[in-house]
Amino acid sequence: MTLAALAAASGPASAAVLADQGLSDTERAALLDGMRGRLGEMRDAIARGLASDAKSRTGMVGWNAKGLWEAHDALSAPLLKRVQAYAMAVNEENARMGRIVAAPTAGSAGTIPGALIGVGDHLGLDDEALLLPLVLAAGIGEVISKTMFIAGSTGGCQAEIGSSAAMAAAAVTELLGGDAEAAVHAAAMALMNTIGLVCDPVGGYVEVPCVSRNAFFAVHAVSSAQLALAGLRSFIPPDEVVQAMASVGRMLPPELRETGEGGIADTPTGRRIALEMAR
Amino acid sequence: MSLLDVIGPVMVGPSSSHTAGACRLALLARHAFGHAPHEARFVLHGSFAKTARGHGTDLALVAGALGAAPDDARIPVAFAEAERAGLAVSFTTADLGDVHPNSVRIELHGRDAAGAERGLVLQGSSLGGGIVRVFELDGFRIEFSGAAPTLLVRHVDTPGVIARVTRVIADDEVNVAALYSARKRRGGEALMAVECDRAITPVAAAYLLHLNAITWLRQVPAVMSASSDGSHIASATAEVVP
């Protein structure tokens, strides 16, 4: 399925994603049960992450989510704080080698729970309301993965966090009543504004900048949903945006694709951490 | 690929490609080997070579060789588990050629049920999001992904073997999703990898193994849906020993 076809669906985008899977009733029920399980796992990871300040293996992260969650809400923006804290909670669990749901990857695992569960909790919604939007998120990820590998080592961080933000943006849009066109364009706008992001983890560890990046891109997804729900659309057709991201991914040198040899990893401090951890 | 592979797997961090994918590749090797190995050598390529420690790739590979799925809580303590299980592990890096940056060669050694020393060499890549693909087994260029139960058959390259094998699979009412076959030389050793919609019955597997042209057979379960509760094992006969 193309994003154009998905955007043209008459009902909710998640229904079109489900129909496209060609599942029997039993398989469909199993898929929804599986997604329900994924939501539960995401919630568990958020709860563990918000409660823990145990350091990661390198000591670079581990207290950010809890710190933010317990901090004074300086901006009087509870949704913002919730989305950021949930996203980092999941990725700090990930950095501690805790149990998470790759969505679509482990390094980007906080974005969808941060945005989707964050908005759901902010509005006091039941988890059951998040189920079909999560299916839509998976559908968007599936479409992207047919064009490019969703891995920092092949496409840079844009392939991971860009995909997760696009998936989350579509999910939040549907959760808030957006139609298929709005949801797909939310995904496209999130993707378009992530193109070029490099994968430059300090020392090769999925910690810096990964943990804070999930907070930023969970918010990015919510921003995109806000624009799409207000009627804004991606000027470039969504499928072409995905093609552009894949093309940029191929242009990225290896140093900026998860090798830990460029960008923020290749700073004096980044290099020092890499050396210390290698000992 | 299922939507549950996109939102998933449920896994121990920190990286779907470098931790979960690595674990799955080693788990595929473990199932293809079919015995408890006493030695595992891992040759890391590209990004795997450069960032293995940071991503826990080393721990995940060892855990997979021990039979653990990506959500297994033993992954962070895999080295201690290996020591307890009597598994010696080693890591080196090498250029495996024109392959995906997240690639690894896994060499397992151990004794079979009869006490004979056996070995297996599997090469595969982790493509992102926990998706993996094996591209070489024991020097044969074949492919399988672990998304479906996979029948591995070593045989002598003679006319009709592939037809024979697929006939038995068909009689078992199992649908073939993909089939790869490779041989070392004409009339020499050959290997086929048959990805099926479900595993063939133990009786069908035993029948295949008794054929003269077939020298070795394994049923590798769908590790894509493997979890630490072991539920994936029930749907597959991981090992058929003559």
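Two strands are taken to pair if DSSP finds at least two bridges between them, and helices (H or I, at least four residues) and strands (E, at least two) are DSSP runs numbered from the N terminus. The structure is a predicted model, in which local features need pLDDT of at least 70 and side-chain atom pairs count only at pLDDT 80 or more, whereas totals for chains, interfaces and linings use all residues. Residues are numbered from 1 along each chain as its sequence is written, and chains are lettered from A, with ligands numbered from 1, in the order in which they are written.

Between the chains, three bridges join β1(A) to strand β1 (residues 10–12) of chain B, the two strands running antiparallel, and within this pairing A:Arg99 stands opposite B:Val12 in β1(B). With contact defined by C-beta atoms, placed from the backbone, that lie within 7 Å, the contact takes 41 residues from chain A and 32 residues from chain B. On the side of chain A that touches chain B, at least two residues each are supplied by α3 (25–51), α5 (78–95), β1 (99–101), α7 (128–147) and α8 (152–155) of chain A, and the largest share, eight residues, comes from α7(A). By class, this side of chain A has 20 nonpolar, 15 polar and six charged residues, where Ala, Val, Leu, Ile, Met, Phe, Trp, Tyr, Cys and Pro count as nonpolar, Asp, Glu, Lys and Arg as charged, and the others, Gly among them, as polar.

Chain B is divided into domain 1 (1–139) and domain 2 (145–242), with bounds that come from an automatic or database domain assignment, and the centres of these domains, taken over C-alpha atoms, are separated by 21 Å. Their contact takes 19 residues from domain 1 of chain B and 17 residues from domain 2 of chain B. On the side of domain 1 of chain B that touches domain 2 of chain B, α2 (16–33) and β6 (131–137) of chain B each supply at least two residues, and α2(B) gives the most, with five residues.

An open sheet of four strands in chain B has the order β8-β9-β7-β10, with antiparallel pairing. Strands β8 (176–183) and β10 (214–220) of chain B stand at the edges, each with a single partner strand, so one side of each is left without a neighbour in the sheet. Strand β7 (residues 150–156) of chain B pairs with β10(B) over six bridges in the antiparallel sense, and B:Leu152 has B:Arg218, in β10(B), as its bridge partner. Helix α2(B) packs on the sheet, touching β7 and β10 of chain B, and its direction makes about 140 degrees with that of β10(B), where axes are lines fitted to C-alpha atoms, for helices over the stretch in contact, and angles run from 0 to 180 degrees between N-to-C directions.

Definitions and conventions: Contact = placed C-beta atoms within 7 Å.
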